[in-house]
Each structure stands twice: as structure tokens, then as C-alpha cells.
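User: Please take a close look at the ligand site and describe what surrounds the ligand.

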Amino acid sequence: MLKIPTIQARKKYSSIGVLTSGGDAPGMNAAIRAVVRYAIVHGCQVHGILRGYSGLLDEQMIPLEATSVANIIQRGGTLLKTDRCEAFFKKSTRKKAAEILRKKGLEGLVVIGGDGSFTGAHLLEKENDFPVIGVPGTIDNDIAQTDDTIGFDTAVSTAIEAIDRIRDTASSHDRTFLVEVMGRSSGFIALQVGMAGGAETIIIPERKQSIQNICETIDRGIRRGKTSSIIVVAEGQKPGLSARLAQELSQSGHPAKVCILGHTQRGGTPTAHDRVLASVLGASAVAYLMAGKSSAMVGIQNSQVALVPFSKVIGVKKQVSQDLLQLAQELSS
Ligand code: F6P
């Protein structure tokens with residue numbers, strides 16, 4: 001059972017901000033709700049900053065009451081909207097952002113996002129002495145020092161539902177399908193989806209596979225009487241890898257259809273798991289901030305809430321489980 005950390009000494013913050021940044025992830029709304037309601041219960045006001053760091057620079061802020069976040073726990077996307085803000089790479093821009101936060105009377109900030117958003121948050125604090133806590137929100141689950149991120153479970157469930165449907169067509173037509181899932185340069189979504197979807201093979205950036213190898217897997221299945229195959233492909237840095245693979249497979253005498261799930265994985269109703277995770281992490285972020293902690297991310301380690309300094313999170317490559325990958329391959333052979 002996930003527990004919100006008990007914090008004894010509290011700083012007297014009267015007003016904090018919250019923003020979502022980077023790609024949206026199902027469960028971000030539940031996290032916003034938790035930040036707002038937990039802060040209010042503990043005597044602190046919250047301002048919602050719209051459109052991530054871009055909205056902060058444009059001073060787009062709205063006061064959030066407990067009722068402002070009613071009826072959003074079940075909604076995908078983010079009420080506050082989000083953005084990938086190139087301008088925030090500049091030191092002078094971050095200085096301006098800190099000045100705006102102070103001018104608006106905010107004393108701390110909760111940033112819900114991924115690695116890139118945390119880099120901005122870390123520098124904002126370091127250069128301007130403005131307290132920030134990060135909450136991991138990304139479908140990719142590629143953030144170091146946390147076992148889980150908000151949105152991952154929902155994205156995986158969405159992809160599994162799609163694969164179950166694709167299997168009907170694959171088996172009716174005796175076809176091979178390449179199903180491309182998101183995850184950028186990490187294979188967490190692909191591995192989880194491949195395992196749960198019983199894929200014949202899983203292609204992830206962390207483990208290179210030759211076309212010959214993939215053809216052998218398909219042929220092995222055919223020899224055992226399989227007439228269709230599902231191959232889960234992690235998109236990698238550039239979406240479209242599955243189309244290139246399909247071309248090479250076809251040239252090797254193994255025609256394959258391609259289905260790119262793309263942004264369907266980012267939207268939709270968050271699962272119960274993501275709602276609970278987001279609620280616990282959102283409230284914990286406020287609890288830590290009010291206890292005077294900052295420059296850190298709240299994450300999950302061994303089923304417990306953990307506070308990890310940004311310096312140990314940012315730019316650190318999280319490793320996929322090679323054991324799980326091996327098991328998935330063994331179970332599908
Ligand atoms: O980081 C989340 C993610 O959905 C990745 O899996 C994907 O590569 C990327 O964002 C897509 O970003 P955008 O929506 O900006 O095209």
C-alpha cells in the first residue's frame with residue numbers, strides 16, 4: 001500500500017504553483033487534483049500555471065480551488081494544458097520565470113512531467129533558488145529512480161486492447177503484424193505490451209535484433225503450426241521504424257502489415273492504478289515541498305514513495321529488465 005510520507009516540520013508556504021510539462025499522460029489530472037486538494041487541506045493556496053513553462057513565461061496562471069479540480073480524476077490529458085518549451089533551455093529565460101513566480105507570490109512549484117521537464121525544473125531552482133519538486137508523469141516510464149510513472153499503465157492497457165483486436169485480423173488472414181508502440185528511445189512500453197499481449201517477438205532499442213533473427217522467429221512459429229504473428233516494435237527516436245522493418249521483412253519473403261498505435265496511447269481514461277499513483281505522488285510532492293524539501297522528484301521505489309534528488313534522475317538511463325525480455329521470448333516460442 002502506497003503511503004504519503006509523514007512530514008513533521010512544515011514550512012509556512014501560503015501559495016505554490018503547479019504545472020504540467022512535456023507530453024501529456026493519462027493521470028496528470030489526478031495528480032493536479034491531489035496537489036490542489038492536499039495543499040488546501042494543509043493551509044496553502046495553489047495557482048495552476050497553463051501550458052507548462054511557456055504559460056509560466058506568459059504569466060498564464062489561474063487560482064485553483066478544491067472545486068476547480070472536481071470531476072477531473074477520470075479524465076485523460078491535462079486540465080492545465082502542456083507544452084515542450086524550447087525557450088526554457090536558456091538561463092535568462094529561467095531567471096525571468098523565477099521573477100514571475102515570485103511576483104505572483106508563489107513560494108514553491110510542483111512540475112509534473114518527464115526528464116526534459118525535470119532538467120528545466122532543476123536549473124530553475126539551482127540558478128534562482130526557487131524550490132521545485134517534480135512528479136514523474138510520462139507514458140514512457142523511462143525516468144530513473146522510480147519504478148513507475150503516471151500514464152504508463154494506461155498506455156500499456158490501451159496498446160494491449162489494440163493488439164487483442166489486431167490478433168483477430170492477424171489470425172483470420174494468417175498474417176504477420178508489426179505493431180509499433182511509443183516510448184522514444186526506451187523499450188518499457190514495448191516490453192510490457194509484448195509480454196502481456198503474447199507477442200511472438202519484441203523489438204526494443206535496448207536490444208538489437210537482425211532481420212534474419214526476426215525471420216527465424218516467424219519461421220519457428222510456422223513450423224510449430226502458427227499461422228499468424230504479432231511483433232511489437234518500440235518506435236525508437238524516430239517513429240516509422242516498423243514501416244522500414246516491414247519493407248525488409250517483405251524483401252526476405254515475410255510480408256507483414258504495420259499498425260502504428262501512436263498518440264492513441266497518450267489519451268483516454270486513466271486506469272485505477274494511474275489514478276492512485278498520481279494521487280499519492282501529487283500529495284507527496286506537496287508534503288515534501290511544505291517540509292522544506294526541493295530540487296528532487298517524488299517516485300516509487302519498492303512500492304514506497306521515495307524522494308530522489310534531481311541530480312540522480314536527470315540524464316540517467318533507466319534499464320529495462322533483461323530477465324523480463326528473456327522470459328517474454330521464452331514464453332512466446
Ligand atoms: O514522451 C512521451 C511520448 O509520447 C513519446 O513516447 C513519443 O516519442 C513522444 O512523446 C511524442 O511526442 P509528441 O507528442 O510531441 O510528438
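Analyst: A polar contact here is a pair of N or O atoms within 3.5 Å; within protein, one must be able to donate a hydrogen and the other to accept it, and residues adjacent in sequence count only if both atoms are side-chain atoms. The model is predicted, with local features needing pLDDT of at least 70 and side-chain atom pairs pLDDT 80 or more, while totals for chains, interfaces and linings use all residues. Residues are numbered from 1 along each chain as its sequence is written, and side-chain values use heavy atoms, without hydrogens and water.

A polar side-chain atom of Arg184 is 3.5 Å from an oxygen atom of the ligand. For Glu235, a polar side-chain atom is 2.4 Å from a ligand oxygen atom. Gly183 takes part through its backbone, with a polar atom 3.0 Å from an oxygen atom of the ligand.

The residues around the ligand (a heavy atom within 4 Å) are Arg84, Thr138, Ile139, Asp140, Met182, Gly183, Arg184, Glu235, His263 and Arg266. By class, two are nonpolar, three polar and five charged; Asp, Glu, Lys and Arg count as charged, Ala, Val, Leu, Ile, Met, Phe, Trp, Tyr, Cys and Pro as nonpolar, and the others, Gly among them, as polar.

An automatic or database assignment sets the domain bounds: domain 1 is 15-151 + 270-312 and domain 2 is 153-266. Both domains give residues to this shell, so the ligand lies between them. Their centres, taken over C-alpha atoms, are 34 Å apart. Across the two domains, 14 residues of domain 1 are in contact (heavy atoms within 4.5 Å) with twelve residues of domain 2.
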